[in-house]
Amino acid sequence: MDKVQGTEEIELSGIEISANLHAVRNRIDLACKKSGRDPGEVTLIAVSKTKPLSMLQAAYDYGCRDFGENKVQELVDKMDKMPGDIRWHMIGHLQTNKVKYIVGRVYLIHSVDSLKLAKEISKESVKRNVISNILVEINIASESSKFGTTTKEATELVTEIAGLPNLCIRGFMSVAPYVVNPEGNRQYFAVLKQLYVDIMQKNIDNTNINILSMGMSGDFEVAVEEGATCVRVGTGIFGARNYSIQGQGEQ
Ligand SMILES: *Cc1c(COP(=O)(O)O)cnc(C)c1O
């Protein structure tokens with residue numbers, strides 16, 4: 001299979017990837033059981049950034065249909081080479097000048113963090129006659145290193161974005177702080193869940209709030225217990241990433 005540039009690194013076998021997917025899914029299901037939730041409510045997104053197509057294909061063969069990428073170029077390269085029934089999730093910081101490459105092609109944009117970006121997605125969606133599903137990214141712990149709006153400004157931003165044509169706001173996304181003990185993020189996940197419920201109850205036009213994207217390899221069980229409907233897991237499925245190859249890729 002073709003290589004996508006910048007993805008040469010430690011490769012896990014198909015068997016290892018299947019075993020990891022199986023284990024992660026089991027842990028999600030257990031977290032659901034523990035918190036009285038239906039496991040069918042939680043989508044596992046396989047975050048495949050920096051990983052080669054052979055590893056994505058292994059996850060696909062296992063049954064995975066939701067993949068997350070954080071860079072536009074890598075996302076479209078992989079999209080062109082993988083099966084057409086995959087739901088692609090744009091989870092990384094998105095620059096307005098790159099919006100045109102993904103509108104109409106991705107299933108969900110998780111990382112809308114400004115009105116300016118939303119306007120560009122709206123404009124491009126009108127041009128292509130599509131409705132783009134988006135999440136508003138929240139910087140839940142107000143970390144200077146992270147993108148996203150504040151919890152305080154979230155409602156106002158959602159209201160403004162909801163006025164734009166050809167967009168459907170589906171909920172919120174957040175990248176919680178890096179913690180050694182995942183319990184440390186429970187408070188943040190709970191705040192985000194509350195924000196999500198509040199905005200849902202406002203019934204704003206052009207919104208269909210039913211997606212809460214939170215939880216990564218280090219803390220997805222706690223996120224599920226607190227109400228995540230999407231968890232984004234990379235390392236836990238595909239192993240560690242090697243950034244020395246392609247430079248800093250994470251937000
Ligand atoms: C890389 C990334 C993930 C996955 O991180 P892991 O810790 O490897 O599971 C999830 N969400 C976003 C936005 C990311 O950039």
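Modeller: When I say two residues touch, or are in contact, I mean that they have heavy atoms within 4.5 Å. Bear in mind that this is a predicted model: local features need pLDDT of at least 70 and side-chain atom pairs count only at pLDDT 80 or more, while totals for chains, interfaces and linings use all residues. Residues are numbered from 1 along each chain as its sequence is written, and side-chain values use heavy atoms, with hydrogens and water left out.

Let's zoom in on α5. Helices are DSSP runs of H or I with at least four residues, strands are runs of E with at least two, and both are numbered from the N terminus. Helix α5 covers residues 115-128, 14 residues in total. From first C-alpha to last, α5 reaches 20 Å, close to the 20 Å expected at 1.5 Å a residue (the expected span being 1.5 Å times one less than the number of residues).

Now for what α5 hides. Buried means under 20% relative accessible area, exposed over 50% and partly exposed in between, using a 1.4 Å probe and protein chains only. The buried residues in α5 are Leu 117, Ala 118, Ile 121, Ser 122, Glu 124 and Ser 125. An α-helix has 3.6 residues a turn, so residues three or four places apart point the same way. The partners that the buried residues of α5 pack against are helices α4 (99-102) and α6 (151-162), plus strands β4 (108-112), β5 (132-138) and β6 (167-174).

Glu 124 counts as buried because its relative accessible area is 4%. Leaving out residues up to four places away in sequence, Glu 124 touches Val 99, Lys 100 and Val 103.

For contrast, look at Tyr 62, found in helix α2 (residues 53-62). Tyr 62 counts as partly exposed because its relative accessibility is 37%. Again ignoring residues up to four places away in sequence, Tyr 62 touches Ser 18, Leu 21 and His 22. Leu 21 is 41 residues from Tyr 62 along the chain, and their C-alpha atoms are separated by 8.0 Å. With His 22 there's also a side-chain to side-chain polar contact at 3.3 Å, that is, a pair of N or O atoms within 3.5 Å; within protein, one must be able to donate a hydrogen and the other to accept it, and residues adjacent in sequence count only if both are side-chain atoms.
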